[in-house]
Structure formats: C-alpha cells, structure tokens
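Look over the sequence and the model first.

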Amino acid sequence: EVEKIRIKITSLSLTESRITADETIQQLFVECRLNNFLAEETPLSLPKPPGGQRIHYNYSTVINVDKEDNHAEREYLKSVLLKPDLPADSLKFTVVSDPPEDEQDLECEDIGFAYVSLKQIFQKQRDIIEQDIDVFDSQDASAVIGKLTVTVEALNALRSVHEECKHD
C-alpha cells in the first residue's frame, strides 16, 4: 500500500503568452516523468484553453516503487534523499502541443515545463494536494506561461525509502 507515488494531473490554465497567441498550437497533453525511468501522459489531448481559462484532464497514475519489482526507481528515490546536490530530484511535467490531425508533418512540441520536488515533499513532510504549480516556457525558463494543478502523494513512499537508508 505504502510503496507508491500517486500523481494526478487535474487541470491546466494558460496566461496570455506566445503559446496562447500561436495558432499552430491547438491541442495540449501533459507528460509526467520521474527521472529517466518513467513517462506517463494524459491519454487525451485537449483543445488549448483561452488565456485565463482551464482545461481539465483529471488524469491519475501510480508509480510503484516497491523493493521487489521496482529496484531502479527505489534506488533513485534513495539518491534523492541522500544526495543534497542531486539536480534531478523532481517530477517533471511537460505540456506538449499535439499537432492537429491534418498536420501530421508537424512534430509534438514541448511548450512548457513544471516541477515538483520530491526532496521538498520529504523535507516538509507534506504531500502536494491539488496545488497550482508554475508552468515555465520551454523557450524561456524565466517566463511563466500557465498553471498546472497537480497532486503528488509521495510522502509515505519516501518515508519508507528513508527508513531503509538508515538500515543500509
């Protein structure tokens, strides 16, 4: 029961930016990645919302991090807790533009990134529940292009990994 990270991608809103202005960007989906292991994406692409409005994905997924079957994920979580300078201690959410059906020569394009630090969840001893996180422009990391509402329940799994670290 404990050895899971639950992730929910609830909704996305965009502020006025190059993204809302760009007519080639029409449909958006969201990918969530844990380090290099695992990428999950919302099964649906939704029409890009006008500035200030939300699109709702209500997509949930679970990453298993039990010892028996998911050793690599677990070792990664250990490194998050033990190595203070590990840069990749975050779940990374990528907002991706899905080209329209009739424009199949266009590639999917990453338009924004958002992050949830697993280390901070552990340090604060608090899961992230339905929280708005900033989405940064993929072309300008200082520009916020929107908000992603997410839930990341990782504390129990991190506590379990931490207990194990103490015994190693």
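How many bridges join strand β1 to β5, and do they run parallel or antiparallel?

## Strands β1 and β5

The model is predicted. Nine bridges join β1, residues 4-14, to β5. The two strands run antiparallel. Within this pairing, K8 stands opposite S60 of β5.

Strand β5 covers residues 54-64. One face is covered and holds I55, Y57, Y59, T61 and I63. The other is uncovered and holds R54, H56, N58, S60, V62 and N64. In a regular strand the side chains alternate between the two faces of the sheet. S60, the residue opposite K8, belongs to the uncovered face.

## Helix α4

Helix α4 spans residues 155-167, 13 residues in total. From first C-alpha to last it reaches 19 Å. That is close to the 18 Å expected at 1.5 Å a residue.

Its buried residues are L155, A157, L158, S160, V161, E164 and C165. They pack against β1, α2 (71-82), α3 (118-124) and β9 (140-153).

## T149 in strand β9

T149 lies in strand β9. Is T149 buried or exposed? T149 has a relative accessible area of 6%, so it counts as buried, the cut-off being under 20%.

The side chains of T149 and D132 are joined by a polar contact of 2.6 Å. Neighbours within four places in sequence aside, T149 is in contact with K8, I9, T10, S11, R54, E130, Q131 and D132. One of these, K8, is the residue opposite S60 in β5.

Terms used. Residues numbered from 1 in each chain as written. Predicted model: local features only at pLDDT ≥ 70, side-chain atom pairs only at ≥ 80, totals over all residues. Heavy atoms only, no water. Buried < 20%, exposed > 50% of the residue type's maximum accessible area, 1.4 Å probe, protein only. Helix = DSSP H or I, 4+ residues; strand = E, 2+ residues; numbered from the N terminus. Pairing = 2+ DSSP bridges. Expected span 1.5 Å × (residues − 1). Contact = heavy atoms within 4.5 Å. Polar contact = N/O pair within 3.5 Å; in protein donor to acceptor, adjacent residues only side chain to side chain.
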